[in-house]
Amino acid sequence: MAGHSHRAQQACEHDGHAHSHGGAEEHGRHHPHVHSHDAAADDDEAEAEAEASALADVVAALLYYKTFMLNSGIYRRLHHIDELPARHRAVVSSLGIIDKIKDAERLVRENYRFLQGIVHASAVGAVPSPIDSPEQFKAWSGEFLDGRDGPRSGHMEKVLSTLKQLVRDWSEEGRAERDQTYGPIIGSLEREFAGVAPEDRGAIRVLVPGAGLGRLAFDICCRGFSSQGNEFSYFMLLASNYILNQTQAAGQHTIYPFVHQFSNVATAADQLRPVRVPDVLPSDMPHAGTAAFSMVAGDFIEVYSAESEREQWDAIVTCFFVDTAKNALAYLDTMWHAMKPGAVWINLGPLLWHFDGIEGESSVEFTRDEFVALVAAVGFKLDDAQFRECVPATYTANSRGMLQYTYSSFMCVARKPRQGAPLSSSL
Ligand SMILES: C[S@@+](CC[C@H](N)C(=O)[O-])C[C@H]1O[C@@H](n2cnc3c(N)ncnc32)[C@H](O)[C@@H]1O
């Protein structure tokens, strides 16, 4: 994985559930601005420690998955059936429900094998291979978890949403969702650089902040652009590292992302269905000779407001990202700083302000119209012809579930003028 390493964070909150932030201590730390040399060294050390501990918490959550899901998802359910009056139990059993739960148990174990692979690839020390040395892996895992008291609050949900995010980004089943969202973004990018043939686009640098599992950035690179994803969730970074850097064949892994869902399910087959990932072989990039691809770990504002990032990017694309801001203006200022004069910004997504109503967090929320006005106020030139008020888009939806959330997302395309200071600097 290339690039910086700043404190990493939570996974996405767009999957249709209520906000479930993990607590203030999980959120990004900004570098203090003024301090003496020694204080700076202390701060760096403290930050490195905080990062290592955040990474260890995420690895622990991946390792806890099996025990946690077997206890809370499988054995608890079997126990509830066991507690039923004998006649009821007999009916439930005759419908094959106990067998289904036992199948689910097997699939949870399969998911765990996949998660073990992520941990093995994560470079959190000398992790034994879960395939070649399963006993050593088990012993290592026991030691790793020693002294811990279960996963951190909210982290098990993030393991489950990472599995669903793999469907969105790296499965055939996720194609429809990607077409709804990544499709219009890539279409707009293609139009912007229509005069440049894919083999000549390597010099065009496209940044994808909040890249999730990296598929949008990857697909952009497959069109010949040099692209860089930026992400600060260790869940996302570890999983994307595994898929992008450790895959030997398309469809190499089979996961069961919906096995944990017992409500709003039409058929057992829907719940237990396998999903193969990744749908493509990531190392098989058509323009690898000309187009560069990278994922950079860290907070978007911290990484891209650096002096070295000034006017470096020909395009920025944001998908389901701008509403992760506590202060959207800080995102806009960072984009302005990092974009070359004349560069384009393409955005698609809803406005589920992630910090809205979160205890102890500051948050400024904008309506869509206010947000668009803000973009113009900063100095960007909106492309009215490409503005779309309502782009129906799901986010890690279970396409066969009985409940579907669809966002009326908006799409906007804006350019940084070739000349002129950002208006926000004089606001
Ligand atoms: C809703 S998800 C969208 C992911 C991806 N763009 C997609 O469409 O699937 C938002 C992502 O932004 C990341 N994120 C949020 N704030 C960030 C920040 N300040 N810097 C970097 N990444 C951030 C989150 O970890 C999360 O993966």
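Predicted model: local features only at pLDDT ≥ 70, side-chain atom pairs only at ≥ 80, totals over all residues.
Next I followed the chain between the two strands. Strand 6, helix 11 (residues 328-338) and strand 7 form a β-α-β unit, and I noted its hand as right-handed.

I then looked up a further partner of strand 7. Strand 10 (residues 407-415) pairs with strand 7 over 6 bridges, in the antiparallel sense. Leu 348 turned up again here, opposite Met 411 of strand 10.

**The nonpolar core**

Which residues have the most contacts inside the largest nonpolar core? I found Leu 62, Ala 315 and Val 317, in a core of 101 residues. Helix 1 (residues 37-82) gives the most to this core, with 12 residues. I noted that the core takes at least three residues from each of domain 1 (34-153) and domain 2 (154-427). As background, I wrote down that nonpolar side chains tend to be buried together in soluble globular proteins.

I looked up the contacts of Leu 62, leaving out residues up to four places away in sequence. Leu 62 touches Leu 115, Ile 118, Val 119 and Val 159.

**Ala 104**

I located Ala 104 in helix 3 (residues 97-120). Is Ala 104 buried or exposed? I counted Ala 104 as buried because 23 other C-beta atoms lie within 10 Å, and the cut-off for buried is 20 or more.

Leaving out residues up to four places away in sequence, I listed Ile 74, Val 259 and Leu 272 as the residues that Ala 104 touches. I also noted the spacing of Ala 104 and Gln 271: they are 167 residues apart in sequence, yet 8.7 Å apart in space, C-alpha to C-alpha.

**Helix 8**

My last entry is on helix 8, which covers residues 234-246. Its 13 residues reach 17 Å from the first C-alpha to the last, and I put this down as close to the 18 Å expected at 1.5 Å a residue.

How many of the 13 residues of helix 8 are buried? I found 11, and recorded the helix as mostly covered. The buried residues include Tyr 234, Phe 235, Met 236, Ser 240, Asn 241 and Leu 244.

Technical notes
Residues numbered from 1 in each chain as written. Helix = DSSP H or I, 4+ residues; strand = E, 2+ residues; numbered from the N terminus. Expected span 1.5 Å × (residues − 1). Buried ≥ 20, exposed ≤ 12 C-beta atoms within 10 Å, placed from the backbone. Right-handed = clockwise from strand over helix to strand, strands pointing away. Pairing = 2+ DSSP bridges. Core = buried A, V, L, I, M, F, W, Y, C linked by C-beta atoms within 7 Å. Domains from an automatic or database assignment. Contact = placed C-beta atoms within 7 Å.
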